[in-house]
Amino acid sequence: MDQMHFASYIKMVVFPAMTKINNVIFVDGHFSHINNFTLMKYIKEFEAETGKIVRVFAVTAGQTNHLQPFDVSVFWAS
């Protein structure tokens, strides 16, 4: 996924699902997530239009093996 696809996904799918005033998006350290000026532009526009606050936190590299167990309950197939 490149920067434009990621930013468009956040704008079209994630923003409409935000129901709270304060929102957090966690991303991994991939360059398309953290150096994404288009995403920052979309966030500023979204905040101005809705009054909702969006913060993006990048998880440092090498954390996948620590965080992987958190999605087991979501993707568990019996």
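Predicted model: local features only at pLDDT ≥ 70, side-chain atom pairs only at ≥ 80, totals over all residues.
Reader: Is Asn35 buried or exposed, or does it fall in between?

Author: Relative accessible area decides this (buried under 20%, exposed over 50%, partly exposed in between; 1.4 Å probe, protein chains only). Asn35 counts as partly exposed because its relative accessibility is 44%.

Reader: What is the corresponding class for Gln63, and where is Gln63 found?

Author: Gln63 sits in the loop between strand 2 and helix 4 (64–67). With a relative accessibility of 27%, Gln63 counts as partly exposed.

Reader: Which pattern does the chain follow along its sequence?

Author: The order is α-β-α-α-β-α-α, made of five helices and two strands. The chain has 78 residues, of which 22% are buried. Contact denotes heavy atoms within 4.5 Å. Of the contacts in the chain between residues at least 6 apart in sequence, 76% link residues at least 24 apart.

Reader: In which sense do strand 1 and strand 2 pair?

Author: Strands pair if DSSP finds at least two bridges between them. Strand 1 and strand 2 (residues 53–58) have six bridges and run in the parallel sense. Strand 1 (residues 22–27) has Asn23, Ile25 and Val27 on its covered face, with Asn22, Val24 and Phe26 on the uncovered one.

Reader: What is the bridge partner of Asn23 in strand 2, and which residues is Asn23 in contact with?

Author: Val54 is the bridge partner of Asn23. Beyond its neighbours within four places in sequence, Asn23 contacts Met18, Lys52, Ile53, Val54 and Arg55. Asn23 counts as buried, because its relative accessibility is 11%.

Reader: Where is the place of Met18, and what does Met18 touch?

Author: Met18 occupies the loop between helix 1 and strand 1. Residues up to four places away aside, Met18 touches Asn23, Ile25, Phe46, Lys52 and Val54. The C-alpha atoms of Met18 and Val54 are 9.3 Å apart, across 36 residues of chain. Met18 also counts as buried, at 8% relative accessibility.

Reader: At what angle do helix 1 and helix 3 pack?

Author: Axes are lines fitted to C-alpha atoms, for helices over the stretch in contact, and angles run from 0 to 180 degrees between N-to-C directions. Helix 1 (residues 3–17) and helix 3 (residues 37–50) pack at about 25°, and their axes are 8 Å apart. Helix 1 is therefore roughly parallel to helix 3 (under 35 degrees; over 145 is roughly antiparallel, 65 to 115 roughly perpendicular, the rest oblique).

Reader: Which residues meet in this packing?

Author: Met4, Phe6, Ala7, Ser8, Ile10, Lys11 and Phe15 of helix 1 meet Thr38, Leu39, Tyr42, Ile43, Glu45 and Phe46 of helix 3. By class, nine of the residues in this contact are nonpolar, two polar and two charged (nonpolar: Ala, Val, Leu, Ile, Met, Phe, Trp, Tyr, Cys and Pro; charged: Asp, Glu, Lys and Arg; polar: the others, Gly among them).

How values were computed: Residues numbered from 1 in each chain as written. Heavy atoms only, no water. Helix = DSSP H or I, 4+ residues; strand = E, 2+ residues; numbered from the N terminus.
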